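Here's a quick briefing to read alongside the model. Have the viewer open and follow along.

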2 protein chains.
Amino acid sequence: MNRTSQDRPLCVVDGHAHAWTPKKARSLFRSGVSGPTAGVAAGHTQVNLISVPADWAYDMLLFCQRNQKACPVLDVTDAGAWTSVLADGADLRTDLPRYRVWEHGELVQEPTDVVDRWRDDLVTFLIGCSFTFEWALTGAGVPMRHIEQGRNVSMYVTRRRCRPAGRLHGPMVVSMRPVPPEHLAAAIRESSLLPAVHGSPVHCGEPSVLGIEDLSRPDFGDPVDLAPDDIPVFWACGVTPQAAVMASRPPFAITHAPGQMFVTDTRDEQYRVL
Amino acid sequence: MNRTSQDRPLCVVDGHAHAWTPKKARSLFRSGVSGPTAGVAAGHTQVNLISVPADWAYDMLLFCQRNQKACPVLDVTDAGAWTSVLADGADLRTDLPRYRVWEHGELVQEPTDVVDRWRDDLVTFLIGCSFTFEWALTGAGVPMRHIEQGRNVSMYVTRRRCRPAGRLHGPMVVSMRPVPPEHLAAAIRESSLLPAVHGSPVHCGEPSVLGIEDLSRPDFGDPVDLAPDDIPVFWACGVTPQAAVMASRPPFAITHAPGQMFVTDTRDEQYRVL
């Protein structure tokens, strides 16, 4: 989630951004405000967005079904629709802070709305994001090193291949959080109880098992420092469908810009199974 | 799940059926043995099967995504394929005890294999079944009244509409289990921990809330007697996609026969989030 250079985290820009309602956040983004949304409208579910032409929608939905830990689908629109059951009155073309437009797997544009690029055949997938389990980990006392250090979470492309679906294929992307050993059980328990937003970790410990050679050089996001006893814990990451777009090169796609998520009306707790 | 008259429950026919391996069960079914599979190959996940032509597959997959509690998808095949990652060496055309063949929403055949009816464009959905959470409830001490009474679980068509997807629409079907009040918390907790197989109940108590007028007259399965203090507890049911086929009338579909499920190699515990 490399930041678009002109965008500063919204919670830094406005100390009250955590208390915005989802509707207020979306309305600001609609008027052109942009920036990473970590901590914005705290307690409300933020999601990854990916829109593909209808003739790619089955492959995308099947890819998500076959790789559910990385791609937990929370809503799918009908073709051309820019509304979602997750956010009353929202317009998916304007209500994210910033978008990325992809042509044949190449990033061509990073606009603050996509009204001009919208197509009647676009099907939009809203996919769970690890922001939703961080509140649960924090609530259980697990320190969030990247937040302590004022950084974005570290993300890595692994050597694990996703199970392909039609024309879509690609590597699994993971996010990593350093966890002190005494908090490992809580981190695993709390994330396991949120299966709709990545669930339990895919790996704890030695990064090379996933094909990650150097934790200090993430493929997306920022490097995060580990305390001496910290165990690196890896969760499947919602950037995985973007990696599939980059690898599989559909003719056209729109995604959110990294870290600049769609803020829904849904409460994070709703996804906890107990 | 009204029984096909000639088929007796396999655990009644053979007192050792609970100890069959999944491979042995499938091989017997391949050779023509049929009957309800409750209790067969105990501990291994049994699933609902529904095969539709490829041009209906997106609607079916989206219907399942939009109605996940009723239709938790555990695997989807590629078009024409009769193998699944859930069962090594299995043939989906022959390895279920009995099938139902549907044309334009009407039941036309109940054969023990569908080799003659198979088509290269069929996409098969394997969908979680409440058999998978009954072991967990039993393990937590919750009595299973229908099993005590030697009956199939009661199922009802509700007045709740599923969220439609393309051409597919229909009512939510629920299964009901009578639960003594002192076991209600365990029943809710244990099923909640299995979100991939229907998860938490959709309703506890008054049946009329769901549009059910008479518990003693289920739409599928057998009536089950409630003890005086029992609370009727309702879970979304994997018969829901069959009800959608009956309501939406795709030109062709194949399903399992009621209660005669596909026995996979997967262990039930694997779907428990903790």
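Two residues count as in contact if their C-beta atoms, placed from the backbone, lie within 7 Å. On that basis, the contact between the chains takes 14 residues from chain A and 14 residues from chain B. Keep in mind that this is a predicted model: local features need pLDDT of at least 70, side-chain atom pairs count only at pLDDT 80 or more, and totals for chains, interfaces and linings use all residues. As for labels, residues are numbered from 1 along each chain as its sequence is written, while chains are lettered from A and ligands numbered from 1 in the order in which they are written.

**How the two chains meet**

- Helices (H or I, at least four residues) and strands (E, at least two) are DSSP runs, numbered from the N terminus.
- On the side of chain A that touches chain B, the elements giving two or more residues are helix H3 (54-66), strand E2 (73-76) and H6 of chain A.
- H3(A) supplies the largest share of that side, five residues.
- Sorted by class, the side of chain A that touches chain B has ten nonpolar, three polar and one charged residues. Here Ala, Val, Leu, Ile, Met, Phe, Trp, Tyr, Cys and Pro count as nonpolar, Asp, Glu, Lys and Arg as charged, and the others, Gly among them, as polar.
- The copies meet through the same surface, because 100% of the interface residues of chain A are also interface residues in chain B.

**Symmetry**

- Chain A superposes on chain B by a rotation of 180° with 0.0 Å of shift along its axis (RMSD 0.0 Å). The two copies are thus related as by a two-fold rotation axis.
- Which residue of chain A comes closest to the rotation axis? It's A:Tyr58, at 2.7 Å (C-alpha).

- H3(A) and helix H3 (residues 54-66) of chain B pack at an angle of about 45°, with their axes 10 Å apart. Axes are lines fitted to C-alpha atoms, for helices over the stretch in contact, and angles run from 0 to 180 degrees between N-to-C directions.
- That makes H3(A) oblique to H3(B).
- H3(A) and H3(B) cross in the left-handed sense. A crossing is left-handed if the near helix is turned anticlockwise from the far one by less than a right angle, and right-handed if clockwise.
- A:Ala57, A:Tyr58, A:Leu61, A:Leu62 and A:Gln65 of H3(A) meet B:Ala57, B:Tyr58, B:Leu61, B:Leu62 and B:Gln65 of H3(B).
- The contact of H3(A) with H3(B) comes out as eight nonpolar, two polar and no charged residues.

**H4 against H6 in chain A**

- Helix H4 (residues 131-139) of chain A and helix H6 (residues 184-192) of chain A have axes that come within 9 Å and cross at roughly 135°. H4(A) and H6(A) are therefore oblique to each other.
- This time, the crossing of H4(A) and H6(A) is right-handed.
- From H4(A), A:Phe133, A:Ala136 and A:Leu137 touch A:Ala187, A:Glu190 and A:Ser191 in H6(A). The classes in that contact are four nonpolar, one polar and one charged.

**The four-stranded sheet**

- In chain A, four strands make an open sheet in the order E6-E7-E9-E8, with antiparallel pairing. Two strands pair if DSSP finds at least two bridges between them.
- Strand E6 (154-161) and strand E8 (203-204) of chain A are the edge strands, each pairing on one side only.
- E8(A) is joined to strand E9 (residues 231-236) of chain A by two bridges, and the strands run antiparallel. A:His203 sits opposite A:Phe234 in E9(A).
- H6(A) packs on this sheet, touching strand E7 (171-179), E8 and E9 of chain A, and its direction makes about 5° with that of E9(A).
- Helix H7 (residues 240-248) of chain A lies across E6, E7 and E9 of chain A, at about 145° to E7(A).
- Over in chain B, strand E7 (residues 171-179) and strand E9 (residues 231-236) pair antiparallel over six bridges. B:Val179 has B:Ile231 as its bridge partner in E9(B).

Definitions and conventions
Angles under 35 degrees count as roughly parallel, over 145 as roughly antiparallel, 65 to 115 as roughly perpendicular and the rest as oblique. Copies are superposed by least squares on the C-alpha atoms of residues with pLDDT of at least 70 in both.
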